[in-house]
Amino acid sequence: MRILTLVKLTVDISQLKYESSGDPLMDIVPRKMGDSDKCAVEEAVRLKEKYNAHTVVVTIGSTLDHERIIRDAYAMGIDEGYIVEVDGYENLQAITVGEIVKSIVEMTGPYDLIILGAGSLDTHSYTLGPIIASKIGIPVIAGVDSLNYIDGCFEARCVMEDGTYIYRSKPPLIVTVTTEVNEPRIPTLKTILKSKKMEIKRLKIENLKVKLEKINILDIKRYVIQRKNIIWDASEDLEKAIDNLFKLLVSGV
Amino acid sequence: MKILLYGETIEWLKQARQIAEIVNGELYGVLPSKELSSEAAKILDKTYIFDRIMYEPNTYHKIIQKVSEKIKPDLTLFPSTIKGRTLAGLYAGYRNEPVITDVVDIRYCNEGELEVKRLVYGGACIATIKSKLPSTLCISLGAFKPLEKQVNGEVEYLKEVEKQLIQTEFKSKEYVGIPLERAEIVVAAGRGFKKKEDLEMVRELSSLLNGAWSVTRPLAADYGWTDTWIGISGAIINPRIYLAIGISGQPLHMIAVRNSKTIIAINKDPNAPIFNEVDYGIIGDLYQILPRLIEKLRKKQ
Ligand SMILES: Cc1cc2nc3c(=O)[nH]c(=O)nc-3n(C[C@H](O)[C@H](O)[C@H](O)COP(=O)(O)OP(=O)(O)OC[C@H]3O[C@@H](n4cnc5c(N)ncnc54)[C@H](O)[C@@H]3O)c2cc1C
Ligand SMILES: Nc1ncnc2c1ncn2[C@@H]1O[C@H](COP(=O)(O)O)[C@@H](O)[C@H]1O
């Protein structure tokens with residue numbers, strides 16, 4: 001079995017700070033491997049351990065942080081890693097990222113399973129797995145929170161708005177996972193040291209025959225919706241606070 | 001301009017009609033449900049209906065793709081739900097066009113360009129993006145006011161449905177009372193609740209108010225107290241009243257409730273971030289407040 005995983009370097013949104021104007025301070029916010037990508041890596045490594053799969057990881061961008069997240073994936077147990085070097089990695093159109101993955105698959109594939117995070121931490125679009133599916137013409141199961149491999153078939157469970165779906169499909173398949181799918185391992189000192197010595201292969205975007213399309217972002221501001229913001233303190237007057245709330249609810253506002 | 005949408009609810013079709021008005025376009029729709037056809041025909045210029053089959057994104061995509069080949073839309077709209085985003089990705093990948101999710105505002109600039117506002121960073125920020133047409137947008141439900149405009153649209157039934165690539169089984173969610181997405185009042189519990197049994201208060205409160213109830217993700221995904229939750233990775237709601245109890249108000253939760261008309265919160269921490277986003281907030285202990293509130297509501301009944 002051959003498995004491809006993708007990892008995205010994302011803004012750690014829990015550490016986002018703002019200027020007084022409401023502009024987010026993008027230069028100082030730390031970046032890390034997306035949470036659901038980490039789960040995708042974990043899932044790939046578990047399949048490797050069970051079925052002796054060969055696992056490959058790819059990231060897109062050319063900062064030192066990109067190298068770090070490839071090594072993070074190595075420390076968790078991934079065998080082989082690629083960095084696609086491209087400037088302005090944060091503003092690539094999703095279809096461009098899809099083209100890049102397609103061309104990596106053509107160069108290094110075929111794969112039985114392509115596994116990635118369902119939604120990235122910063123945009124949470126949920127679209128990349130499906131985009132890749134259309135581009136390379138294999139099916140996708142998106143938003144998987146439990147994955148098994150039984151008798152040559154992947155079985156995936158997805159909890160959606162209206163209920164729980166179980167899908168079964170033979171490889172090749174694309175699967176996007178949520179953070180419920182597993183609890184990613186914490187690398188040991190030994191695997192971390194080993195990961196530092198492993199080779200990372202670098203590919204230049206110019207050599208991938210991909211048309212680069214960027215998102216034209218005009219601005220990004222802190223999102224605030226004007227609310228009434230009337231606050232009652234129940235520690236001062238519990239009865240009054242409850243009464244206010246009661247009246248509000250029965251009035252239907 | 002031609003607009004194609006995928007939809008499962010009449011409410012969403014009316015919101016899409018508002019968008020059609022903004023960009024001045026004809027509205028075509030693909031719907032997986034015969035029951036909606038007569039209602040849909042009053043909203044859409046043309047409705048393509050297929051018989052509801054088990055949702056499987058690759059199969060659904062093939063159906064939408066076929067319709068799009070006929071219509072050649074400039075703009076395609078999906079609801080920004082998990083299903084909608086998945087279908088939008090398949091669709092945009094197939095058409096090789098930009099796809100933008102979590103869209104809350106659209107402005108038509110000049111020929112062939114849109115200015116779109118979308119939420120990013122778990123809903124903490126809003127980005128303004130210029131996008132060329134054709135493109136695919138996933139619309140945050142509730143961000144656009146439904147438009148009541150009666151048309152007399154055509155309906156066409158799509159007969160052949162391609163064989164499913166993937167075997168599917170489905171267990172429908174057991175709704176107790178009103179489904180979340182349709183409730184006028186939603187009460188939600190967060191980690192301020194100490195044990196599962198205490199959720200009984202939330203259940204009773206929601207039932208007294210004729211609403212629905214749910215929880216934040218940790219209560220469902222980490223503690224296993226319920227199957228579903230509200231948030232970016234769960235249900236997205238836009239009720240008249242959203243009452244958040246013992247919930248801190250983290251962006252990944254709030255993104256899914258921001259389109260509620262009125263937001264009320266009960267939290268014992270005066271510095272909880274949710275108080276920045278409420279219409280009415282009560283600083284206090286839910287264990288003191290809820291029993292008495294429920295008592296009052298019971299008496300009124
Ligand atoms: C990839 C990803 C996706 C996520 N998706 C979602 C999602 O879809 N939905 C979601 O909800 N979360 C989601 N989260 C988690 C989210 O970031 C927060 O961790 C979560 O929303 C916090 O839940 P909470 O408010 O219940 O808990 P907490 O943040 O712990 O807040 C509990 C609150 O209860 C208050 N409290 C405690 N005791 C009392 C009392 N006796 N009376 C009154 N108030 C009290 C406290 O003051 C506190 O403010 C996601 C996280 C990740 C990483
Ligand atoms: N620029 C990127 N580089 C690498 N992986 C990406 C990139 N964009 C998206 N992904 C992958 O696609 C998943 C879903 O992203 P999204 O569709 O943007 O929410 C992420 O969790 C990543 O695994």
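A polar contact here is a pair of N or O atoms within 3.5 Å; within protein, one must be able to donate a hydrogen and the other to accept it, and residues adjacent in sequence count only if both atoms are side-chain atoms.

I am working with a predicted model, in which local features need pLDDT of at least 70 and side-chain atom pairs count only at pLDDT 80 or more, while totals for chains, interfaces and linings use all residues. Residues are numbered from 1 along each chain as its sequence is written, chains are lettered from A and ligands numbered from 1 in the order in which they are written, and side-chain values use heavy atoms, with hydrogens and water left out.

**Ligand 2.** I looked up the polar contacts. A polar side-chain atom of A:D37 lies 2.5 Å from a ligand oxygen atom. A polar backbone atom of A:S120 is 2.8 Å from an oxygen atom of ligand 2, and for a backbone N or O atom of A:Y126 I noted 3.1 Å. The protein covers 94% of the 470 Å² of accessible area that ligand 2 has on its own (Shrake-Rupley method, 1.4 Å probe; for residues, only the protein chains shown count as cover). I then listed the surrounding residues (a heavy atom within 4 Å): there are 17, and A:D37, A:S120, A:S125, A:T127 and A:L128 are the closest.

**Ligand 1.** Ligand 1 sits between chains A and B. I found 27 residues around ligand 1, with B:R191, B:T216, B:S233, B:S248 and B:N267 closest. A polar side-chain atom of B:W229 is 3.1 Å from an oxygen atom of ligand 1. A polar backbone atom of B:K268 lies 3.2 Å from a nitrogen atom of the ligand. Of the 1,000 Å² of accessible area that ligand 1 has on its own, the protein covers 82%.

Grid points are joined across faces, edges and corners, and a volume is the space filled by probe spheres set on the points. The structure holds 3 cavities of 30 Å³ or more. The largest cavity has about 180 Å³ of space. Its lining has 17 residues, and A:V159, A:M160, B:W229, B:S233 and B:G234 lie nearest the centre. The second largest cavity has about 90 Å³; its lining includes B:R85, B:D102 and B:L119.

How values were computed
1 Å grid on protein atoms, 1.4 Å probe; cavity = no way out; pocket = protein on both sides within 12 Å on 5 of 7 lines; lining within 4 Å.
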